[in-house]
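Please consult the sequence and the structure together while reading.

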Amino acid sequence: ARAAADALLVKLGSVVSSPASTSSPALDELMQRSGAAMLADQLEEARNLIARAAPELRGEPRVELRLAQIALREGHYDEVQRRLSPLLDRLDAKSDAALRARAMMTLAAAFVRTDQFPRALDLYAEAIALREPAQDHEVLGVAHLGRGGILIEEGKPDDAMTELSLARSELAGIGDNIGVASVDVNLGSLQLTRHKPADALPALK
């Protein structure tokens, strides 16, 4: 489930544009190649691609987010916060809402893995609030999925079911099979916590 969630974050960070970024073929290629390396578990190669890039590309907000995503995969959670806290200060909540929401969700994932659940829940909720007006189904789906996973851990099955149902609806609506599979794994885990293993089996297959 964690690997699928990481894949969703990588995909989200790869496709978004930002007024704070100067879009260019070189930047798009760097994001695509570093994202592909991450999905192939070649984290060192992903870092090296960025290290070899032109200085003006390395300073782009999208690239800073990618470096934070690499750090997340490596388990360097302090680095994730060190990179994303100043990046969030740079990203305007209106003109840069899409990239800001994605940075928030990456930081939230780091907080989840360090058991800082309240901080993660707040970040996911803020990301949802930022992107609901734009109907950004990918962000909404991943954010509700993140909240659902936390609520399972906190022993709040009814609230978790609400969040996971919303996540599945958002991701299924855009044909995101990876996202739907990740939701289904969490739904299966939820049913097991409710002592309903028969209901959990279809989602865990």
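The model is predicted. The protein chain holds twelve helices and zero strands, and its pattern along the sequence reads α-α-α-α-α-α-α-α-α-α-α-α.

**The chain as a whole**

- Of the 205 residues in the protein chain, 50% are buried.
- When contacts between residues at least 6 apart in sequence are considered, 59% of them join residues at least 24 apart.

**Helix 6**

- Helix 6 covers residues 77-90, which is 14 residues.
- From its first C-alpha to its last, helix 6 reaches 20 Å, close to the 20 Å expected at 1.5 Å a residue.
- The buried residues of helix 6 are Glu-79, Val-80, Leu-84, Leu-87 and Leu-88.
- The cover over these buried residues includes helix 3 (43-51), helix 5 (61-74) and helix 7 (97-113).
- In general, an α-helix has 3.6 residues a turn, so residues three or four places apart point the same way.

**Packing of helix 6 on helix 7**

- Two packed helices are described by the angle between their axes and the distance between the axes.
- For helix 6 and helix 7, the packing angle is about 155° and the axes are 10 Å apart.
- Angles over 145 degrees count as roughly antiparallel, and helix 6 and helix 7 are therefore roughly antiparallel to each other.
- The crossing in which helix 6 passes helix 7 is left-handed.
- On the side of helix 6, the contact is made by Tyr-77, Val-80, Gln-81, Leu-84, Leu-87 and Leu-88.
- On the side of helix 7, the contact is made by Arg-100, Ala-103, Met-104, Thr-106, Leu-107, Ala-110, Phe-111 and Arg-113.
- By residue class, the contact of helix 6 with helix 7 divides into ten nonpolar, two polar and two charged residues.
- Val-80, Leu-84, Leu-87 and Leu-88 belong to this contact and are also among the buried residues of helix 6.

**Arg-100**

- Arg-100 lies in helix 7 and is one of the residues that make the contact with helix 6.
- Arg-100 has a relative accessible area of 14%; the cut-off for a buried residue is under 20%, and Arg-100 is therefore buried.
- Leaving aside residues up to four places away in sequence, Arg-100 touches Leu-88, Leu-91, Asp-92, Ala-93, Glu-126 and Leu-130.
- Among these, Leu-88 is a buried residue of helix 6.
- Arg-100 and Glu-126 are 26 residues apart in sequence, and their C-alpha atoms are 9.8 Å apart in space.

Definitions and conventions:
Residues are numbered from 1 along each chain as its sequence is written. This is a predicted model: local features need pLDDT of at least 70, side-chain atom pairs count only at pLDDT 80 or more; totals for chains, interfaces and linings use all residues. Side-chain values use heavy atoms; hydrogens and water are left out. Helices (H or I, at least four residues) and strands (E, at least two) are DSSP runs, numbered from the N terminus. The expected span of a helix is 1.5 Å times one less than its number of residues. Buried means under 20% relative accessible area, exposed over 50%, partly exposed in between (1.4 Å probe, protein chains only). Contact means heavy atoms within 4.5 Å. Axes are lines fitted to C-alpha atoms, for helices over the stretch in contact, and angles run from 0 to 180 degrees between N-to-C directions. Angles under 35 degrees count as roughly parallel, over 145 as roughly antiparallel, 65 to 115 as roughly perpendicular and the rest as oblique. A crossing is left-handed if the near helix is turned anticlockwise from the far one by less than a right angle, and right-handed if clockwise. Ala, Val, Leu, Ile, Met, Phe, Trp, Tyr, Cys and Pro count as nonpolar, Asp, Glu, Lys and Arg as charged, and the others, Gly among them, as polar.
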